[in-house]
Amino acid sequence: MSRADEDPPGATVETSRPLLSAERLKAFEDAVVAIAMTLLILPLLENVSEFAREHKTALEYVQSENKQLFSFALSFLIIAVFWMNHHRVFDRVEKATNALVWLQVGWMFTIVWLPVSTAMLGSLPDDAVQKLLYIGALLASSLLMLGTRLYLRGHPQLHRIAPASLRGGLIAEIVMSTLFAVSLVIAVLVPDIGYAAMFLLLLSGPAQAILARRGGGRRAKARREAGEGIRPVRPGRSPDR
């Protein structure tokens, strides 16, 4: 090994040599998401074979399995949205430290768990534990992405994300995590509403827009106040007069 390949004195693995390159991490996460989305369909495939053996029609299958079909479509859509959100962040991440890798390991855990909780949603009777396992996994995934964005905000050397974009992403994750948490509480405490509480997620767009406008207004006001605090110096007069 040449001296150019050696770490500088006092350097640590965290700062000098990332555990994984960002490209390898992104490729691995894409594969995990693809597998999780594929696993969602397996319970439906098993039921198709069962209906075929009983010589039932496609219409009978759809009518009988409508709950499982709905849970499949919902989870497929949610994982797709999570992946697109993740892709927008990591498209501009260039280095991966130990801490960032472990945050992503946690995020992947919540993604691969969703096929299990989805199968429960489509096959088992509704109860509080089922809702906790399903909506709770979505909340955990959102919180881990929030933690990821906060970590990247504190380590600008790892990425080339514009500060404004990172700030907007943080607002989005905070709103989504809050709505998931509220949905979970309502679904558990009000069984008659149940999973319908997740329709609260439709408020995420308006809520993000309101918070972004307020944040932009505060920043503009701060800039105006900072500008007003600097008085121009007239010719022939000292600055302190």
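The protein chain exposes about 14700 Å² of surface, and carbon and sulfur atoms supply 66% of that area. Accessible areas here come from the Shrake-Rupley method with a 1.4 Å probe, and for residues only the protein chains shown count as cover. The model is a predicted one, so to read it well, note that local features need pLDDT of at least 70 and side-chain atom pairs count only at pLDDT 80 or more, while totals for chains, interfaces and linings use all residues. Residues are numbered from 1 along each chain as its sequence is written, and side-chain values use heavy atoms, with hydrogens and water left out.

Let's start with the overall layout. The protein chain holds nine helices and two strands, in the order α-β-α-α-α-α-β-α-α-α-α along the sequence. Helices (H or I, at least four residues) and strands (E, at least two) are DSSP runs, numbered from the N terminus. Of the 241 residues, 34% count as buried; buried means under 20% relative accessible area, exposed over 50%, and partly exposed in between, with a 1.4 Å probe and protein chains only. Among contacts in the protein chain (heavy atoms within 4.5 Å) with a separation of 6 or more, 75% are between residues 24 or more positions apart.

Now for the inside. In soluble globular proteins, nonpolar side chains tend to be buried together. A nonpolar core is a set of buried Ala, Val, Leu, Ile, Met, Phe, Trp, Tyr and Cys residues joined through side-chain atoms within 4.5 Å. The largest one here has 47 residues, of which I79, L100, Y134, L138, F180 and M198 touch the most other members. Helices α2, α3, α5, α6, α7 and α8 each supply at least two residues of this core, and its largest share, eight residues, comes from α7.

| Residue | Contacts |
|---|---|
| I79 | V33, A36, M37, L40, I111, L114 |
| H86 | E29, Q104, W107, M145 |
| L100 | F90, V93, K95, T148, Y151, L152, L158 |
| M176 | S142, L201, S204, Q208 |

L100 sits in helix α6 and counts as buried because its relative accessibility is 0%. M176 belongs to helix α8; from M176 to L139 the C-alpha distance is 8.2 Å, across 37 residues of sequence.

How do α2 and α5 pack? Helix α2 (residues 22-39) and α5 meet at an angle of about 175°, with their axes 10 Å apart, which makes α2 roughly antiparallel to α5. The axes are lines fitted to C-alpha atoms, for helices over the stretch in contact, and angles run from 0 to 180 degrees between N-to-C directions. Angles under 35 degrees count as roughly parallel, over 145 as roughly antiparallel, 65 to 115 as roughly perpendicular and the rest as oblique.The residues meeting there include L25, E29 and V33 of α2, and I79, W83 and H86 of α5. H86, in helix α5 (residues 66-90), is buried because its relative accessible area is 3%.

One loop residue deserves a look too. H55 lies between α3 and α4, and phi of H55 is near 60°, a positive value in a residue other than glycine. Most residues other than glycine have a negative phi. H55 is exposed, with a relative accessible area of 72%.

Definitions and conventions:
Lists of a residue's contacts leave out its neighbours within four places in sequence.
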